[in-house]
Amino acid sequence: MAQDMVQATDLAGFRGAPFPQPVMDSAVGAIRDECGWHIAPSQEDTFTMRTGRVETILLPSLHITEVVAVNDLTSSYAPVIPPDRVDILDHGALHLEGGWPAKVSITIKHGYATCPDSLKAIIAEQSLGVAAGRIRQESLAGRSLSLEAGLDPMTDTVLSRYRLDGRI
């Protein structure tokens with residue numbers, strides 16, 4: 001399935017563009033895997049989790065824009081919690097005064113409306129590398145070839161802003 005984070009027109013000004021759709025899909029997939037969530041575009045997802053009855057929980061997102069629905073899965077008395085009782089904090093945290101029920105289902109809208117500009121350059125660079133099969137080392141007599149792997153420090157710094165494991 002084609003990714004929906006960037007289109008070829010979003011990367012038109014970058015070196016190597018235009019990129020074939022499968023190449024962009026691969027680059028976006030790698031970035032999403034590295035960061036641990038979809039990042040963009042905004043979408044609605046439902047998460048079911050045990051909370052330990054704490055007041056603040058973390059969801060696998062760094063940009064929650066709306067709490068759509070909250071259901072207490074441990075109570076038949078008051079199974080619905082009004083979304084306006086939930087405070088959206090930074091870094092994918094949700095706060096419920098008095099504590100969350102032991103098990104909840106939470107539907108949220110999250111992600112950036114469009115791909116952040118800082119990620120477009122990385123997607124283009126990754127797409128260029130995938131399309132070109134970047135070579136880091138080459139030998140002639142021994143027929144050795146190594147493709148470039150890993151992230152350069154600048155790319156790693158930018159991606160750290162979007163990684164779930166980097167949140168406070």
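Predicted model: local features only at pLDDT ≥ 70, side-chain atom pairs only at ≥ 80, totals over all residues.
Trainee: What makes up the chain, and in which order do its elements run?

Mentor: The chain has three helices and nine strands, and from the N terminus on its elements run α-β-β-β-β-β-β-β-α-β-β-α. Buried residues make up 37% of the 168 residues. Among contacts between residues at least 6 apart in sequence, 73% join residues at least 24 apart.

Trainee: Why are E1 and E4 called edge strands of their sheet?

Mentor: That open sheet has four strands in the order E1-E7-E3-E4, with antiparallel pairing. Strand E1 (43-50) and strand E4 (80-81) each have a single partner strand, so one side of each is left without a neighbour in the sheet, and this places both at the edges.

Trainee: What is the strand order of the three-stranded sheet, and which strands are its edges?

Mentor: The order is E2-E6-E5, in an open sheet with antiparallel pairing. Its edge strands are strand E2 (56-58) and strand E5 (86-88), since each pairs on one side only. Neighbouring strands of this sheet are turned by 25° against each other on average, direction ignored. E5 and strand E6 (residues 93-96) pair in the antiparallel sense over three bridges, and against the requirement of at least two bridges they therefore count as paired. The bridge partner of Asp-87 is His-95 in E6.

Trainee: Why is the contact of Glu-125 with Arg-15 called a salt bridge?

Mentor: The cut-off is a side-chain nitrogen of Lys or Arg within 4 Å of a carboxyl oxygen of Asp or Glu; the closest N and O atoms of Glu-125 and Arg-15 are 3.7 Å apart, so the pair qualifies. Glu-125 lies in helix H2 (residues 117-132) and Arg-15 in the segment before helix H1 (21-35), so the pair ties together parts that are 110 residues apart in sequence. The structure holds six salt bridges.

Trainee: Are Glu-125 and Arg-15 buried, partly exposed or exposed, and what decides the class?

Mentor: Buried means under 20% relative accessible area and exposed means over 50%, with partly exposed in between. Glu-125, at 33%, therefore counts as partly exposed, whereas Arg-15, at 63%, counts as exposed.

Trainee: What makes Arg-163 and Glu-34 a salt bridge, and what does the pair tie together?

Mentor: Their closest N and O atoms are 2.7 Å apart, which is within the 4 Å limit, so the name applies. Arg-163 lies in the segment after helix H3 (153-160) and Glu-34 in helix H1, so the pair ties together parts that are 129 residues apart in sequence. At 9% relative accessibility Arg-163 counts as buried, while Glu-34, at 37%, counts as partly exposed.

Trainee: How do the positions of Asp-117 and Lys-120 relate along the helix?

Mentor: Both residues lie in helix H2, three residues apart, about one turn of the helix. Asp-117 forms a salt bridge with Lys-120, the closest N and O atoms being 3.4 Å apart. At 59% relative accessibility Asp-117 counts as exposed, and Lys-120, at 17%, counts as buried. Elsewhere, salt bridges that share partners join Glu-34, Asp-156 and Arg-163 into one network.

Trainee: Why can the buried residues of H1 be said to lie on the same side?

Mentor: In H1, Val-23, Met-24, Ala-27, Val-28, Ile-31, Arg-32 and Cys-35 are buried. These residues cover an arc of only 165° around the axis, which puts them on the same side of H1. On the other side of H1, Pro-22 and Asp-33 are exposed.

Notes
Residues numbered from 1 in each chain as written. Heavy atoms only, no water. Buried < 20%, exposed > 50% of the residue type's maximum accessible area, 1.4 Å probe, protein only. Arc of directions from axis to C-beta. Axes fitted to C-alpha atoms, helices over the stretch in contact; angles between N-to-C directions. Contact = heavy atoms within 4.5 Å.
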